[in-house]
Amino acid sequence: MAETHAPIQRPLSPHLGIYRLTLSMVMSGLHRITGLALVAGMVLITWWLLAAAAGQNAYGTFEGFATSWIGRVILFGFSWALLHHLLGGLRYLIWDLGYGLEAAEREWLVRANIIGSIVATILLWLLLVMFGMR
Amino acid sequence: MSMRTPLGRVLGLGSAKSGTEDFWVQRVTAIANVPLTLAGLFLVISLTGHSYPGIKQILGSPLVAVLMILFIIANVWHMKIGVQVVIEDYVHDHLQKLTLVILNNFFAWAVGLACMFAILKISFGV
């Protein structure tokens, strides 16, 4: 005869919402978001190359966009997303190889990623200005 | 006629029937993208200040053109896999997922081919 039991109280996996948000979680999301933003960046590269191939007028239109203030803001954001995603990718390659997974190393890598991407972006634009960006 | 057993043929291929190929290619293209992107940034810096004819001449030189084609292949491939992973993670309806993955493929091919065509056209100067 089947006996009726009270449901067994098994441990439940904690809901995602109760985890303390860590910087590496935010950076994981940011890696995805910058990756998706780079799709728009690739569209800009396509426009740039097609304009260069099409001729002077088409290139002028692209240059008009690239040198406008909104174009500059978009290109600055694109360059930061690119460098951030590139450095983040190196971080994931290091982790894929099994290195840098200790707590202190993780934190260090994540911080190096943020600081490195900002410094590299500023450095890139300083170089662009130095080389006579119009 | 394959000598492999039916079990051997499917082991390790998973439900997508392509195994870990995308996972691996995503990492290989990531590695390739590091030097290629740095070269691309170096190119953009060296193009600043040039007018259209100068830019066209630099873009059309063989070394730059070959590096740019490699940049486009590695980056577009990486982009295609990356976007597909995002679609597969967040879109759960099968038909919607299939539609978006196919559109993503079309997009990647169109962008990749357009860029390569443009580079070759500039190089050959026609």
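Modeller: What follows is a conversation about two chains and how they touch, and the model we discuss is a predicted one.

Biologist: How do you know how much confidence the predictor places in the complex and in chain B?

Modeller: For the complex, the predictor gives an ipTM of 0.88 and a pTM of 0.87. For chain B the mean pLDDT is 92, on a scale that runs from 0 to 100, and 96% of the residues of chain B reach 70 or more.

Biologist: Why is chain A called more spread out than a compact globule?

Modeller: The globule rule gives 14 Å for 134 residues, whereas the radius of gyration of chain A is 23 Å, which is well over that value, and therefore chain A is described as more spread out than a compact globule. Along its principal axes, the C-alpha trace of chain A spans about 90 × 40 × 25 Å, and buried residues account for 19% of its 134 residues.

Biologist: How do you know whether the end-to-end span of helix H4 of chain A agrees with what its 28 residues should give?

Modeller: Helix H4 of chain A covers residues 103–130, and at 1.5 Å a residue it should span 40 Å; because its end C-alpha atoms are 40 Å apart, the two values agree. Within H4(A), the residues A:Leu109, A:Val110, A:Asn113 and A:Ser117 are buried, and what covers the buried residues of H4(A) includes helix H1 (23–54) and helix H3 (69–96) of chain A. After H4(A) comes A:Gly132, whose phi is positive, near 85°.

Biologist: What makes helix H2 of chain A hardly covered?

Modeller: To be called buried, a residue needs 20 or more other C-beta atoms within 10 Å of its own, and the count of residues in H2(A) that are buried is zero among its 12 residues. Helix H2 of chain A, residues 56–67, reaches 16 Å from its first C-alpha to its last, close to the 16 Å expected.

Biologist: Why does A:Gly98 count as exposed?

Modeller: The cut-off for an exposed residue is 12 or fewer C-beta neighbours within 10 Å, and A:Gly98 has 7 inside that distance, so it counts as exposed. A:Gly98 lies in the loop between H3 and H4 of chain A, and its C-alpha atom is separated by 24 Å from that of A:Leu82, 16 residues apart along the chain.

Biologist: Why is chain B, too, called more spread out than a compact globule?

Modeller: Chain B has five helices and zero strands. Its radius of gyration is 19 Å, well over the 14 Å that the globule rule gives for 126 residues, so chain B is more spread out than a compact globule. The C-alpha trace of chain B spans about 60 × 35 × 30 Å along its principal axes, and buried residues make up 18% of its 126 residues.

Biologist: How many residues of each chain are in contact with the other chain?

Modeller: In chain B, 26 residues are in contact with 27 residues of chain A. Helix H2 (21–47), helix H3 (52–60), helix H4 (62–90) and helix H5 (94–124) of chain B each give two or more residues to the side that touches chain A, and the residues of that side divide into 18 nonpolar, five polar and three charged.

Conventions. Residues numbered from 1 in each chain as written. Chains lettered and ligands numbered in written order. Predicted model: local features only at pLDDT ≥ 70, side-chain atom pairs only at ≥ 80, totals over all residues. Rg over C-alpha atoms; globule rule 2.2 N^0.38 Å. Helix = DSSP H or I, 4+ residues; strand = E, 2+ residues; numbered from the N terminus. Expected span 1.5 Å × (residues − 1). Contact = placed C-beta atoms within 7 Å. Nonpolar A, V, L, I, M, F, W, Y, C, P; charged D, E, K, R; others polar.
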